[in-house]
Amino acid sequence: MESLTGRGQPPTPTPAWTARLAARRWLTPGTFEIALERPAAFRFTPGQRIRLGLGGATRDYSLLGPADHPRLHLCIRRLAGGPVSTFLAEAPPETTLHFDGPLGYFVWRPSPRPAVWLATGTGVAPFVALARAGVRGFRLAHGVRAVDELYYAEELRAAAALYVPCLTTAAGAPPDAFRGRVTEWAVASLAPGIYDFYLCGRGEMIRDATRIIDAGFAGSRVFSEIFF
Ligand SMILES: Cc1cc2nc3c(=O)[nH]c(=O)nc-3n(C[C@H](O)[C@H](O)[C@H](O)COP(=O)(O)OP(=O)(O)OC[C@H]3O[C@@H](n4cnc5c(N)ncnc54)[C@H](O)[C@@H]3O)c2cc1C
């Protein structure tokens, strides 16, 4: 990131870090959490991400937190044919990984406005980091395709003022689930008002949510992180 005082000079290179893969835990057949041994000097603000480098490719992953843990935790969906997520799903313990960071501005910005968090899939990861950092009082709608993709549900439910799983199918849905997309939940359930919206996940959801906010919640602030 170029500093304000550094205008006109080349940007300062982001430091490159090296870490060992310490552990992997499967959350569902398609999604896993990995832990990296944290480089002693590495610090991040909850909600930020790292950029993993692999054979010339780079991919970003949000840090789950807690921010003071000796390991760095990531929640990753394995994508068929996806080179980096597949490598991370299969790499043996002790594999050396390289990353840049911390990156991003999707961090908690306290305000008197109620916070509404909308996530799809693994886009819930930065919200886990915020909850682990002690943020409370938020309303979180998490949209997934199947009930087992409600990652960290109990932890988030305990921290939230309102936690709403959003599923388009009824199969196995918890009693507090909303039948539909997170954007449909926002339209159906949020009282008119001014909010701080935090949006993370699919670009399509963020685009749709932004339109809904513009049309129905004018004056709200919107912070977003697009995964793909
Ligand atoms: C800011 C940012 C933060 C991110 N944080 C995370 C994270 O915490 N966890 C995570 O799993 N991914 C995250 N991603 C996505 C991640 O960087 C990779 O794109 C993903 O792991 C796929 O990489 P790949 O090389 O395996 O497959 P690629 O060949 O790069 O991707 C194949 C296709 O899969 C789709 N895709 C990408 N990511 C996802 C996803 N998470 N779920 C469903 N479909 C997807 C896209 O359409 C993509 O074109 C983030 C992306 C960004 C930009």
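Select helix 2 (residues 125-132) and the elements around it: its buried residues (under 20% relative accessible area with a 1.4 Å probe, protein chains only) pack against strand 4 (57-62), strand 7 (115-120), strand 8 (139-144), helix 3 (153-159) and strand 11 (196-201). Helices here are DSSP runs of H or I with at least four residues, and strands are E runs of at least two, numbered from the N terminus.

This is a predicted model, in which local features need pLDDT of at least 70, side-chain atom pairs count only at pLDDT 80 or more, and totals for chains, interfaces and linings use all residues. Residues are numbered from 1 along each chain as its sequence is written, and side-chain values use heavy atoms, with hydrogens and water left out.

Now show the side chains of helix 2. How many of its eight residues are buried? Seven are, so to speak a mostly covered helix. Pick out Ala125, Pro126, Phe127, Val128, Ala129, Leu130 and Ala131 to see the buried ones. Then step to Gly134, which follows helix 2 and has a positive phi near 100°.

Next, zoom out to the whole protein, with its five helices and 12 strands. Buried residues account for 46% of the 228 residues. Turn the model along its principal axes: the C-alpha atoms fill a box of roughly 45 × 45 × 30 Å.

Last, look at contacts (heavy atoms within 4.5 Å). Among those between residues at least 6 apart in sequence, 60% join residues at least 24 apart.

Terms used: Buried means under 20% relative accessible area, exposed over 50%, partly exposed in between (1.4 Å probe, protein chains only).
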